[in-house]
Amino acid sequence: SLQPPTVPVFSVWSRFDHMVVPSESACAPFARCIELPHQGHLEMLSSGRVFQLVRDLLTDQGPWSDAE
């Protein structure tokens with residue numbers, strides 16, 4: 001069986017993603033899941049909002065961060 005990862009895992013997903021069916025399956029049980037409303041699968045590739053979110057996740061910023 002798969003072991004939980006030893007690094008932080010984030011899942012950025014949307015109910016409007018019609019390439020991942022069901023869309024909720026994009027959120028692994030061991031991940032911190034961040035739902036983006038009104039973003040399609042391909043839209044996420046060019047969304048400034050998504051780029052900012054990924055930047056914040058990689059630099060431990062935002063409400064999902066454990067950093068104080």
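Serine 47 counts as buried, because its relative accessibility is 10%, under the 20% cut-off. Keep in mind as you look around that this is a predicted model. Serine 47 sits in the loop between E2 and H1, and a polar atom of its side chain lies 3.2 Å from the backbone nitrogen of arginine 49. In that loop between strand E2 (32-35) and H1 you will also find leucine 45. Leucine 45 has a relative accessibility of 62%, so it counts as exposed, the cut-off for that word being over 50%.

Now step back and take in the chain as a whole. The protein chain has one helix and two strands, and reading along the sequence gives the pattern β-β-α. It holds 68 residues, and 25% of them are buried. The protein chain exposes about 5100 Å², with carbon and sulfur atoms supplying 60% of that area. If you take the contacts between residues at least 6 apart in sequence, 26% of them join residues at least 24 apart.

Which residues make up the largest nonpolar core? Six residues do: Ile34, Leu36, Met44, Val50, Leu53 and Leu57. Helix H1, residues 48-58, gives the largest share of this core, with three residues. In soluble globular proteins, nonpolar side chains tend to be buried together.

Let us turn to the charged side chains. Side chains of opposite charge can pair when their charged atoms come close. How many salt bridges does a search of the whole structure find? The search finds three. In one of them, arginine 15 pairs with glutamate 24, with 2.8 Å between the closest N and O atoms. Arginine 15 is partly exposed, as its relative accessible area is 45%, and glutamate 24 is partly exposed as well, at 41%. Arginine 15 also forms a salt bridge with glutamate 35, where the closest N and O atoms are 2.9 Å apart. This pair links distant parts of the chain, for glutamate 35 belongs to strand E2 and arginine 15 to the loop between E1 and E2, 20 residues apart. Glutamate 35 counts as partly exposed because its relative accessibility is 33%.

Another salt bridge brings together the side chains of aspartate 56 and arginine 55, at 3.1 Å from N to O. Through shared partners, salt bridges join Arg15, Glu24 and Glu35 into one network.

One last stop is serine 25, found in the loop between strand E1 (10-13) and E2. Its relative accessibility is 49%, so serine 25 counts as partly exposed. A polar atom of the serine 25 side chain lies 2.6 Å from the backbone oxygen of proline 22. Twelve residues along the sequence separate serine 25 from tryptophan 13, and in space their C-alpha atoms are 9.2 Å apart. With serine 47, where the tour began, counted as buried, you can now compare two serines that sit in two loops of the chain.

Notes. Residues numbered from 1 in each chain as written. Predicted model: local features only at pLDDT ≥ 70, side-chain atom pairs only at ≥ 80, totals over all residues. Heavy atoms only, no water. Core = buried A, V, L, I, M, F, W, Y, C linked by side-chain atoms within 4.5 Å. Buried < 20%, exposed > 50% of the residue type's maximum accessible area, 1.4 Å probe, protein only. Helix = DSSP H or I, 4+ residues; strand = E, 2+ residues; numbered from the N terminus. Polar contact = N/O pair within 3.5 Å; in protein donor to acceptor, adjacent residues only side chain to side chain. Contact = heavy atoms within 4.5 Å. Areas by Shrake-Rupley, 256 points an atom, 1.4 Å probe, with all protein chains shown as cover. Salt bridge = Lys/Arg side-chain N within 4 Å of Asp/Glu carboxyl O.
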